[in-house]
Amino acid sequence: MSIPTPHIQVKEQGVIAKRVLMPGDPLRAKYIAETFLENVEQFNGVRGMLGFTGTYKGRKISVMGSGMGMPSIGIYSYELFAFYGVEEIIRIGSAGAYSPELDLYDVVVAKNAFSESSYAYIQSDKKFTSQVLDANEDLTKRIVETADRLGIKTHLETIHSSDVFYGQAKDTCTRLYNEHKCACVEMESFALFHNANTLGKKAACILTISDSLVTHKATTSEERQYAFEQMMKIALELE
């Protein structure tokens with residue numbers, strides 16, 4: 001495949017930075033670009049999946065939405081890694097807590113992702129069967145060190161990447177917390193980690209707890225879009 005790809009309209013190399021921050025919501029990508037970056041240029045708008053490149057403290061960085069779920073981030077992260085020379089993608093997103101120890105706005109760094117998804121199995125022609133995929137160790141270590149330097153508390157945890165948002169099983173969070181040590185749930189990181197591992201790239205994930213399946217506390221959609229600045233700051237300050 002050549003560029004532009006079916007989902008990213010950029011026609012030449014170098015427009016997208018080597019490091020991409022990837023929230024699920026394209027409007028969150030727009031907010032990050034307009035709030036934190038300088039010299040911002042929009043590079044993508046295909047299907048409303050906004051992408052921007054700018055500078056933060058003189059360092060070139062891109063931010064782009066991934067959409068919801070593993071098929072969506074699977075498409076965008078694969079194209080960024082395989083065709084646009086991106087070396088690192090850091091997912092920055094929201095998560096629901098399975099652990100009673102996690103409260104609203106706590107910051108979780110994923111050490112690995114457990115999933116029942118068939119994404120890796122199908123993408124790798126049925127050669128990959130593991131249900132647990134690691135984030136890149138070096139990138140994750142640097143994220144934790146950056147958070148420590150900034151005085152931001154993080155939780156290094158196993159996360160659950162789910163294919164289903166509206167699950168019917170009432171004991172899912174308790175079962176996955178007890179059996180697989182999953183501290184929280186989101187819907188994208190397993191596919192991101194698989195693409196990175198397959199293509200020899202680096203991927204990591206920083207999450208902010210937006211709701212709890214234990215206490216049933218929750219944030220609003222507006223808060224999810226704008227109030228997760230600690231997580232954003234860690235990703236931006238990473239050297």
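Contact here means that heavy atoms lie within 4.5 Å of each other. Keep that in mind as you explore this model, which is predicted.

**Stop 1: F193.** Select F193, which you will find in helix α6. Is this residue buried or exposed? F193 is buried, since its relative accessible area is 1% and buried means under 20%. Now show what surrounds F193: setting aside neighbours within four places in sequence, its contacts are A110, N112, A113, L133, D134, A135, A203, A204 and C205. A82 and F193 are 111 residues apart along the chain, and their C-alpha atoms are separated by 14 Å.

**Stop 2: helices α2 and α6.** Colour residues 70–83 for α2 and residues 189–199 for α6. Two packed helices are described by the angle and the distance between their axes. Here the axes come within 8 Å and cross at roughly 25 degrees. Angles under 35 degrees count as roughly parallel, so α2 and α6 are roughly parallel to each other. Their crossing is right-handed. Which residues make the contact? From α2, pick M70, I73, G74, S77, Y78, F81 and A82; from α6, pick F190, A191, L192, N195, A196 and L199. Of the residues in this contact, 10 are nonpolar, 3 are polar and none are charged.

**Stop 3: V144.** Move on to helix α4, residues 137–150, where V144 has its place. Leaving out residues up to four places away in sequence, V144 touches V109, T154 and L156. Finally, select V108 as well: V108 and V144 are 36 residues apart in sequence, with 9.8 Å between their C-alpha atoms.

Methods
Residues are numbered from 1 along each chain as its sequence is written. This is a predicted model: local features need pLDDT of at least 70, side-chain atom pairs count only at pLDDT 80 or more; totals for chains, interfaces and linings use all residues. Side-chain values use heavy atoms; hydrogens and water are left out. Axes are lines fitted to C-alpha atoms, for helices over the stretch in contact, and angles run from 0 to 180 degrees between N-to-C directions. Helices (H or I, at least four residues) and strands (E, at least two) are DSSP runs, numbered from the N terminus. Angles under 35 degrees count as roughly parallel, over 145 as roughly antiparallel, 65 to 115 as roughly perpendicular and the rest as oblique. A crossing is left-handed if the near helix is turned anticlockwise from the far one by less than a right angle, and right-handed if clockwise. Ala, Val, Leu, Ile, Met, Phe, Trp, Tyr, Cys and Pro count as nonpolar, Asp, Glu, Lys and Arg as charged, and the others, Gly among them, as polar. Buried means under 20% relative accessible area, exposed over 50%, partly exposed in between (1.4 Å probe, protein chains only).
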